[in-house]
Amino acid sequence: MSSKRFSVNNRQTLISEERMKLQPAEGIISRMKLSRDDIVADLGCGIGYVTIPLSKEVKHVMALDGQQMMLDDLIARTPEDLKGRITPVLSELPELPFEESSLDKAVMVNVAHEIQNTERMVSEIIRCLKEDGVLTIVDFNKVPLPFGPPFEEKIPLEDMVRLYSPMELTQKNVFDIYYQIDLKNNKNLKK
Ligand SMILES: C[S@@+](CC[C@H](N)C(=O)[O-])C[C@H]1O[C@@H](n2cnc3c(N)ncnc32)[C@H](O)[C@@H]1O
């Protein structure tokens, strides 16, 4: 397990009131340009801060996390009427247990800085996204903060775009503590 891995012991902070003010899930979702028919993978979904509201906007969410306790809480927090719209998937990134070209979108919220093998992550995302599918990355600006990952683990927006090349940057939003970017797949990137 990565030394960078977010501890399950801190999982309640993922749904703190402070976070809801600083990084509202609804804002993240509204910027994702979703369609009702979308199949979306929430990679490193945690206890579902984004997964649950996201599932109301799309056809289905594949909610992947490497820690079973995160998925247990996600399941417990999911209202009955949304349970059929979310599939919890226990799996280790950067591998993706999804079929080729099976996803319309993928999203990583405060997760990308925890990924060790980014090169493999990019090739897996390109494999699993449909042509013109979109990966949304939300992560912390490289500024010192009393919460979030250690300063040295934060990846500035420009470096993140470089790490996820050859995917193409199509949208960028920068806020005080975090950024949200869209990176588009392209049929020429698929083998
Ligand atoms: C900071 S939490 C963010 C959770 C969620 N995306 C959110 O915004 O509330 C990071 C999550 O990514 C998961 N994670 C980190 N590295 C992972 C890996 N290599 N494979 C699977 N899950 C991973 C952790 O278990 C944790 O639930």
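These are my notebook entries on a predicted model of one protein chain.

**Entry 1: the whole chain**

I began by counting elements, and the chain has six helices and seven strands. Reading from the N terminus, I wrote down the order α-α-β-α-β-α-β-β-α-β-α-β-β. Next I looked up the radius of gyration, which is 15 Å; the globule rule gives 16 Å for 191 residues, so the chain is as compact as a globular protein of that length. Along the principal axes, the C-alpha atoms fill a box of roughly 40 × 40 × 30 Å. I also noted that 52% of the 191 residues count as buried. For contacts between residues at least 6 apart in sequence, I found that 69% join residues at least 24 apart.

**Entry 2: helix α4**

Which residues of helix α4 are buried? I went through residues 68–77 and found Met70, Leu71, Asp73 and Leu74. They sit on the same side of α4, because the arc they cover around the axis is only 160°. A reminder to myself: an α-helix has 3.6 residues a turn, so residues three or four places apart point the same way. I then asked what these buried residues pack against, and the partners are α3 (51–55), β2 and β3 (86–90).

Is Asp42 buried or exposed? Its relative accessible area is 2%, and the cut-off for buried is under 20%, so I wrote down Asp42 as buried. I located Asp42 in strand β1 (residues 39–43). Leaving out residues up to four places away in sequence, I listed its contacts as Val50, Thr51, Val61, Met62, Ala63, Leu64 and Val107. Ala106 is 64 residues from Asp42 along the chain, yet their C-alpha atoms are separated by 5.9 Å.

I looked up Asn188 as well, in the segment after β7 (178–184). Asn188 is exposed, with a relative accessible area of 64%.

**Entry 3: the largest pocket**

How much space lies in the largest pocket? I found about 920 Å³. The pocket is lined by 46 residues, and the closest to its centre are Phe6, Leu14, Val109, Asn110 and Glu114. I sorted the lining by class and got 20 nonpolar, 17 polar and nine charged residues. Helix α1 (17–22) and strand β2 (60–65) each supply at least two lining residues. The largest share, three residues, comes from α1.

Then I went looking for exceptions.

Where do I find cis peptide bonds? One runs from Leu93 to Pro94, with omega near 15°. Pro94 belongs to the loop between β3 and β4 (103–109). Another cis bond joins Ser165 to Pro166, again with omega near 15°. I placed Pro166 in the loop between α6 (157–163) and β6 (168–174).

Ser101 is not a glycine, but its phi is positive, about 55°. I found Ser101 in the loop between β3 and β4, and at 29% relative accessibility it counts as partly exposed. Asn110 also has a positive phi of about 55° without being a glycine. Its place is in the loop between β4 and α5 (118–128).

Conventions: Residues are numbered from 1 along each chain as its sequence is written. This is a predicted model: local features need pLDDT of at least 70, side-chain atom pairs count only at pLDDT 80 or more; totals for chains, interfaces and linings use all residues. Side-chain values use heavy atoms; hydrogens and water are left out. On a 1 Å grid over the protein atoms alone, a cavity is a set of points where a 1.4 Å probe fits but cannot get out, and a pocket is an open set with protein on both sides within 12 Å along at least five of seven lines; lining residues have an atom within 4 Å of a point. Grid points are joined across faces, edges and corners, and a volume is the space filled by probe spheres set on the points. Helices (H or I, at least four residues) and strands (E, at least two) are DSSP runs, numbered from the N terminus. Ala, Val, Leu, Ile, Met, Phe, Trp, Tyr, Cys and Pro count as nonpolar, Asp, Glu, Lys and Arg as charged, and the others, Gly among them, as polar. Buried means under 20% relative accessible area, exposed over 50%, partly exposed in between (1.4 Å probe, protein chains only). The arc is that of the directions from the helix axis to the C-beta atoms. Contact means heavy atoms within 4.5 Å. The radius of gyration is taken over C-alpha atoms; the globule rule is 2.2 Å times the number of residues to the power 0.38.
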